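Here is a short briefing to read alongside the model. Keep the viewer open and follow the topics one by one.

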Amino acid sequence: RRRFISRLAAAACGAAQGPRGCGMALALTGDAGDSPDRADVQPRPTTIGNARASPDLAVLRNDRVKSAIKKSLQSVAEKRDIHEPNPLQQIAFSSDEEIVINRGRFSWLSAFCMCFSVITGFSSMILMVMSLRNTSVPLIAEETSYIDAQNPPWDIPPWGYVKQPNAATSRKIGQRFRFAMPTFTLFYSLLSASFGLFTVAYFCSELLVQDVGVNRVKNMGVVIGKGVDTYLLRSVPIAAAMMTSIACVVYFVSDANFVIAMSFGAFICIVCTNLGINMNFEGGTRLTHAMNYDLPGSVQLAIRTGAIGGLSAHAMAQFGVVLVWILVRESNALVGFGMGTSIVAFYTRVAGGIFAKGCDIGSDFVSTMLGEDVDDYNMDNLDSLRQAGNLHDKDQDGEVDEDYKHRLAAADPNAAIDDTRMNYITSEEADLRAKIEREMEKTLITMHPVNYLDAIGENIADIGGTSSDLLETMCTTLATAVILGSKAHEVPYFGTSLPFNIISTGTIGNSLVSYYVWAHDKHSSNRIRRSLQLNLLAVVVLVQGVAFFSCYLQWKVYHTITWDKLVTYNMIIGLGLCAPEACAAICEFFTSVNFAPVSWIARDADLGMIQVILRGLGQGFASAGLPSTINILVQILSFQWEGFYGLVLLTCASQACTGWQASLAAFGAVSNNANRLVHLTTVNEMAHHRANVCATIGTTTSHNGKVVAGQNCFFATTSLLGALLADKYTALGLNFKESVGQEVSEFTRAGLLASIIFAMLFLANTLTSCISMAKLVVEHCKDNPDVASRTDKQFPASHIRPLANLVKFAALECFRLTVSPLVQSFGAPLVIGQLFGFKGLLMLVSGGNSVCFSLNMFLINSGQAWDAARKYILFGMLKDEKGEVIGADSEVYDTLGIGEQIGGPLEDLTGPALNNFIKFVALVSFVTSGVYDLLPSRSWPWGVLQIAINFVLVSFFKFRHSE
């Protein structure tokens, strides 16, 4: 009954459809007779529900609904023994003044993309059926064999007849051979990618029609959105220019197909990244508005918003790799496709991280100079406004009211909420709340534009960085799977089809589970987190089942693999599916507010800053060791069972579920963004509670996304290392399998040491770039009228142009600061390959992969532990001996802020950027492998020259001041 009354109350306030409505603009008044006079207010008012109606009909329906609500609320008041002259009202929108809820918009582009995805999916399905009948377009590839083996089978229908070059009777190392490409699996991949892109387009369409919210929420979204547009307009041409420059260099060691595929990969990555970033900011204001209604709707909206970025990366990677392979039919060209995504991903992650954390630190300094402080979600100002309005002591007895204590306790995301106490307030209190929210709006209007940089940069780094990182890793993995599956497997058809089956099934599963997450209004953050893990388990079971069925067909029907291989293949796939979640669970224990280690940091913060820093570092070290141990074990088992192809299956399986993991990471970004907006724009404690629940989950899932990205990078780089080794030794006419486990030489030891040196130099380069960015922001804002809010215009127009000027400056500076790490990463394999030979280069990639993974886990876990400890206090979870909440106005909270400032660049920039560094080094090593000799007896002088050239270039871009 209480839920029914709550929904009726929402209808009286113009929110019968809640966040699921199809975009309403509602004029809500205390006196319904005033509605016709406001019929022309923009955005135009509509009636309750989805249909448009005349003003008279709107008045009639509002009168009927409000009359029913009044009786229902009075019934609730009688049950609670409340005898007040004013009826109870819902807490969300309860002012007697008019409230305009701005509606969303319909997207024709999303509708077109849905239609295109349906057409592509049906076409792929038809081609799948034709492939089973062996009547589709024959796809034949020709490659250089890495092994000695029999010719690929040709007398069974799925393969068809394949004539070998020179009528060869068997495959020989270093000789060309032909094989039938897995047409059925490739078209299945296109089908799954189409379904994933359809889901993305549907979620975009559904998101954009949602209500944007009240004016103060919409206006903040407008300001932030203009800043995002400015950044993207600046960054896209820069990324394109960077890509073109590197493509010109790569052309001299490769061919035209490689460069074309490289350009196509860069284009796909730019589209995917921009889509995820734009939709995330569109979802921020809509999720903020949805927080006023119910928790399940808010969770669903946030999940679907995050899925736009996560699923698009998963689907576009498949779509791009399959198209390039079908058109070019050359596996090395797929490395070019991955190289293009790697360049854009490197720029997106590093430049976005420098922009985000540099502007974050710089804006804090500027705010301090101006006397503004919105870093703590404006909690101090909100508390003072509440006290000025006497919300804490409505009966004026000098003591804090019990209802007020109950509402403050709702900040805890795991608190049990009594909706009859929380959802309803008196009209007198509603007027006080409306007055407070008007004062909060004044605070937003007077805020310096620099304070909006944090909201812009954080989501660019999290959404853009995560999406591009996933896309890059997926493309690199599929390229490696085609190389080793075709050249190093006895049955190329099956060797290349199984990885695509794993990834494609994962795309379908990730898309399906994104449509629904089990949540309830009374669920805590822990309970909803378990629901998300159940969705992940469903994807794992689906992928494992399809992989087993695929292997079973090859064993039982086509007799191309043995029973032992069927067992080992599925065991490796199972390890790959479970390993990422196991590592994420370990890191979650050390970094989530729902577990003891984070509470230890918060509780001991009163001992001082040194205690906070040391404990955070200690937890970072502890949490980095266990995931490294898991990765070592699963890689050893996979390699012992099936060699480098086993590592390929392990890598593909680990990425089968990353579409869902990336969606959850993006969910974290949009939830944190909405949480900030909720606390800055409304005094509604229930909205705060829902925002804190989503932010608690989102903080954890966002961090888990970084953990999974690091593990996927580790597996993908190891697989690519195997392809690099096989390709080089085959080109020399040697058997690459005999080179595995050779005795360590002085050159391999030098390469291992160089991997540590280059990783540390990269960390230093990116971290100092972040500090330089902060200094530049502070200097640019000093006495600069171009970045100050304009007094001759009203908000948000007063902030749009100054913020655009500030973002333009910061975008150009972060690009300049990104060139230096990029040059350093590009030069690392060139220096080591020529100075220590190919064997030294192998150890650079192999050793650097292990170093980067361990450092990445340490940095992101330490940074997240400090951040979570501060949110532990912000969410009202820390209490003293008397049970009183220790809030954001405490000294402990300020102490933890120092740890958060230190950990921010480590967690969001230097740690995740190590993934891009090592993958870029591995790809450059593969592309330029033909340049290096096994031993550096002739090439070492060129290595010395490369050191001098790289030192000059890095120094030039690092220390040159902008004009």
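The accessible surface of the protein chain comes to about 35,800 Å², with 61% of that area belonging to carbon and sulfur atoms. Accessible areas here come from the Shrake-Rupley method with a 1.4 Å probe, and for residues only the protein chains shown count as cover. This is a predicted model, in which local features need pLDDT of at least 70 and side-chain atom pairs count only at pLDDT 80 or more, while totals for chains, interfaces and linings use all residues. Residues are numbered from 1 along each chain as its sequence is written, and side-chain values use heavy atoms, leaving out hydrogens and water.

**Overall build**

- The protein chain has 25 helices and eight strands, taken as DSSP runs numbered from the N terminus (helices are H or I with at least four residues, strands E with at least two).
- Of the 963 residues in the protein chain, 63% are buried (buried is under 20% relative accessible area, exposed over 50%, partly exposed in between, with a 1.4 Å probe and protein chains only).
- Take the contacts (heavy atoms within 4.5 Å) between residues at least 6 apart in sequence: 85% of them join residues at least 24 apart.

**Aromatic rings**

- You will find 29 aromatic pairs in the structure (rings of Phe, Tyr and Trp, the last by its six-membered ring, with centres within 6.5 Å; planes under 30 degrees apart are stacked, over 60 edge-to-face, the rest tilted).
- Phe-621 and Phe-858 make a stacked pair, because their ring centres are 4.3 Å apart and their planes meet at 20°.
- This pair links distant parts of the chain, 237 residues apart: Phe-621 belongs to helix H18 (residues 609-655) and Phe-858 to helix H23 (residues 797-874).
- Phe-621 counts as exposed at 56% relative accessibility, whereas Phe-858 is buried at 14%.
- One aromatic cluster brings together Phe-346, Phe-762, Phe-826, Phe-917 and Phe-920.

**Charges over rings**

- The charged end of Arg-171 sits over the ring of Phe-177, 4.1 Å from its centre (the rule asks for NZ of Lys or CZ of Arg within 6 Å of the ring centre and within 35 degrees of the ring normal).
- Arg-870 lies over the face of Tyr-893, also with 4.1 Å to the ring centre.

**Nonpolar surface patch**

- Trp-563, Val-567, Met-571, Leu-637 and Trp-641 make a nonpolar surface patch of about 410 Å².
- Helices H16 (563-591) and H18 each give two or more residues to the patch, and H16 gives the most, with three.
- Met-571, in helix H16, is partly exposed at 40% relative accessible area.

Key: Patches are made of residues with over 30% relative accessible area and no salt bridge: like charges are joined within 9 Å, nonpolar side chains (Val, Leu, Ile, Met, Phe, Trp, Tyr) within 5 Å. A salt bridge is a side-chain nitrogen of Lys or Arg within 4 Å of a carboxyl oxygen of Asp or Glu.
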